[in-house]
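Subject: Structure handover

Hello,

Please find the structure below. My notes on it follow.

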Amino acid sequence: MFKLNSNDREKFIKFLMDNYDKFPQGVKDFFDNHFSLDEVYQFDFMAEIYAYLFPQKYMTDFNFYTCYITCLFNKFPDLKERKVLEIASGLIPGLAYLIEKIIKPNNISCMDPRLLNLPVRGVKQIKNKFTMETDISPYDLLIAHCPCEAFEVIVNRVLEEPKDICIQTCRCYGDEYLSDFRFRRYIIKQIIKLEKLQKYGYYVDTTYTPLMINEAPVITLKREKNV
Ligand SMILES: C[S@@+](CC[C@H](N)C(=O)[O-])C[C@H]1O[C@@H](n2cnc3c(N)ncnc32)[C@H](O)[C@@H]1O
């Protein structure tokens with residue numbers, strides 16, 4: 001199980017002292033008022049920090065990122081050869097960093113307007129919002145882990161310019177947390193849109209990882225049958 005030993009704790013505290021001012025106010029409030037080094041948190045920004053500071057340890061742990069990476073690799077065994085863009089990578093691209101360490105792909109970039117731009121070896125960081133105008137031509141796979149409403153933007157973008165995708169969805173949409181019914185309806189709507197690409201040889205697949213974040217599936221679009 002992932003736990004911090006005394007060296008890790010020191011490393012964590014030093015990281016916080018060096019970078020505290022860069023974090024958004026909500027994250028600062030968490031560190032000021034709730035954070036304990038004895039706990040392992042499942043929040044997105046904490047997973048990003050754990051993966052960034054302790055990649056060797058975090059990548060052998062059973063967590064949201066490693067479950068997603070296993071699923072991604074099962075769908076795309078040629079991941080190493082692909083030019084990957086991770087969308088909505090958060091403050092620190094911890095997931096892209098783990099993928100870089102585990103799979104060693106030739107080319108992995110990430111995009112999020114909230115990026116802190118901390119140095120992350122092997123990962124190109126693009127501090128931008130993903131929109132319908134984003135140039136996706138340099139990539140042959142778009143991935144995302146809990147991208148909130150950016151999932152729908154990715155779906156609409158690949159309808160215009162078909163491209164393989166593998167997205168761990170989540171229930172957040174703007175300031176809302178979608179109810180069971182609204183989330184199901186939303187996901188089905190996106191799947192129906194993606195299925196329009198079948199005429200170009202794309203297949204849509206819905207998978208649940210063992211950790212199944214709030215019953216949100218991984219949606220894959222792949223231009224081959226073996227998804
Ligand atoms: C719940 S966080 C997930 C962060 C990270 N992927 C993870 O799982 O740890 C959602 C992220 O989506 C980003 N986001 C939302 N819409 C976006 C868009 N259109 N383009 C890029 N990032 C977006 C937000 O800035 C936020 O960092």
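Two strands count as paired if DSSP finds at least two bridges between them. Helices (H or I, at least four residues) and strands (E, at least two) are DSSP runs, numbered from the N terminus. This is a predicted model, in which local features need pLDDT of at least 70 and side-chain atom pairs count only at pLDDT 80 or more, while totals for chains, interfaces and linings use all residues. Residue numbers start from 1 along each chain as its sequence is written.

Strands first. Strand S4 (residues 141-145) and S5 run parallel and are joined by four bridges; Ala 144 has Ile 167 of S5 as its bridge partner. Between S4 and S5 the chain passes through H7, and this β-α-β crossover is right-handed (with the strands pointing away from the viewer, the path from the first strand over the helix to the second runs clockwise). S5 is also joined by four bridges to strand S9 (residues 218-222), this time antiparallel, with Leu 221 of S9 as the bridge partner of Ile 165. From strand S5 (residues 165-168), Ile 165 and Ile 167 point one way, Cys 166 and Gln 168 the other, and all are buried (20 or more other C-beta atoms within 10 Å of the residue's own, with C-beta atoms placed from the backbone).

Next, the domains. The assignment, which is automatic or from a database, gives domain 1 (6-58) and domain 2 (64-222). Their centres, taken over C-alpha atoms, are 24 Å apart. The contact (C-beta atoms, placed from the backbone, within 7 Å) takes 13 residues from domain 1 and 14 residues from domain 2. On the side of domain 1 that touches domain 2, H3 gives the most, with eight residues.

H3 is mostly covered, with seven of its 10 residues buried. Among the buried ones are Phe 45, Tyr 50 and Tyr 52. Their cover includes helix H2 (25-33), helix H4 (55-58), helix H5 (64-75) and helix H6 (94-103).

Last, the ligand. Of the 21 residues around the ligand, Asp 44, Ala 88, Gly 90, Phe 130 and Ala 150 come nearest; a residue is near if its C-beta atom, placed from the backbone, lies within 6 Å. Helix H3 (44-53) and helix H7 (150-160) are the elements that give two or more residues to this shell. H3 supplies the largest share, three residues. At least three shell residues come from each of domain 1 and domain 2.

Regards

Terms used: Buried ≥ 20, exposed ≤ 12 C-beta atoms within 10 Å, placed from the backbone. Contact = placed C-beta atoms within 7 Å.
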